[in-house]
Amino acid sequence: AARAMLEENALGKAGSEVLVEEFLEGEELSVLALTDGEHFAILPPAQDHKRLQDGDFGPNTGGMGAYCPVGVATPALLRVVAEEIIAPTLRALKAEGAPYRGVLYAGLMIRPDGSPAVIEFNCRFGDPEAQAILTAMPAGLLPVVRMIAEGGWMPSGVTLGETRHAAVTTVLAAAGYPDTPVAGAEISIPDDLEASGEILLFHAGTTRGADGRLRVSGGRVLGVTAVAPTIEEAAQKSRVAADAIHFEGKQFRRDIGWRELA
């Protein structure tokens, strides 16, 4: 990767400098907090799967799937995240004269000793994490989001850290993803795939061609999200639905949620 950036100019100016950081081992955890700039509420965390292939092999991607809830996200761990990561970050932003209102996404590594380390922050819902998180949550998020957007805070008595069921999202990626995704392949989706209410398809890299047919237009094509009482059942439903969708060169992982099941 360093050679590609520094010698082969793979990323242009963006790759002209390399920052060497501590190597972190453990489990990834995506923690999203809704905030009005001062108060905040943590949503049920998710775990993303960055590697292209089963068993966490292959190149890193933007995300090949996610699941929610996550067993490693214990109440004790989330208290540490709230007190040592989210709250100080919001205080620092406010002190800088830039109070932040919206979704603060903390991408964490949970180290073998159980302590969290911050990999990144985002100021958005994460993809595909949000597909699993929002599907797993009870209804009622929209009024809270609207209140924050309009300058208020969530009504008292509303809790956002709970799930009503498990959700697993499997990403279907295009041929050649992540380096050189191939666009144009026709996508075939069974008409009754979402009929049960247990499967939700989130379109990402799709478009309608001049002939009206659904076609691949990006690297990550579809997020196949399934809901069920347990991660194991949701993962199995997501895999079956992912198998039922067809396009040339389709890539997807069959082990989303494997750490939770192990």
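Cavity first, since I need the term: on a 1 Å grid over the protein atoms alone, it is a set of points where a 1.4 Å probe fits but cannot get out, and its lining residues have an atom within 4 Å of a point.

**Ground rules.** I'm working with a predicted model, where local features need pLDDT of at least 70, side-chain atom pairs count only at pLDDT 80 or more, and totals for chains, interfaces and linings use all residues. Residues are numbered from 1 along each chain as its sequence is written, and side-chain values use heavy atoms, with hydrogens and water left out.

**Cavity.** I looked for cavities of 30 Å³ or more and got one. The largest cavity holds about 40 Å³, a volume being the space filled by probe spheres set on grid points that are joined across faces, edges and corners. Which residues line the largest cavity? I noted Asp127, Pro128, Gln131, Val171, Ala204, Arg220, Leu222 and Gly223. Strand β13 (residues 220–228) gives the largest share of that lining, three residues; strands here are DSSP runs of E, at least two residues, and helices are runs of H or I, at least four, numbered from the N terminus. I sorted the lining by class: four nonpolar, two polar and two charged. For those classes, Ala, Val, Leu, Ile, Met, Phe, Trp, Tyr, Cys and Pro are nonpolar, Asp, Glu, Lys and Arg are charged, and the others, Gly among them, are polar.

**Helix α3.** Gln131 from the cavity lining also turns up among the buried residues of α3. Buried means under 20% relative accessible area with a 1.4 Å probe, protein chains only. In α3 (residues 129–136), seven of the eight residues are buried. Besides Gln131, I listed Glu129, Ala130, Ala132, Ile133, Thr135 and Ala136.

**Pocket.** Next I checked the largest pocket, a pocket being an open set of points with protein on both sides within 12 Å along at least five of seven lines. I read off about 1,100 Å³ for the largest pocket. Its lining has 30 residues, with Leu24, Glu28, Asn60, Met109 and Ile119 nearest its centre. Strands β1 (27–35), β3 (47–48), β7 (102–110) and β8 (116–122) each supply at least two lining residues. By class I have ten nonpolar, seven polar and 13 charged.

**Whole chain.** I counted six helices and 13 strands. The C-alpha trace spans about 50 × 50 × 40 Å along its principal axes. Of the 262 residues, 42% count as buried.

Notes. Buried < 20%, exposed > 50% of the residue type's maximum accessible area, 1.4 Å probe, protein only.
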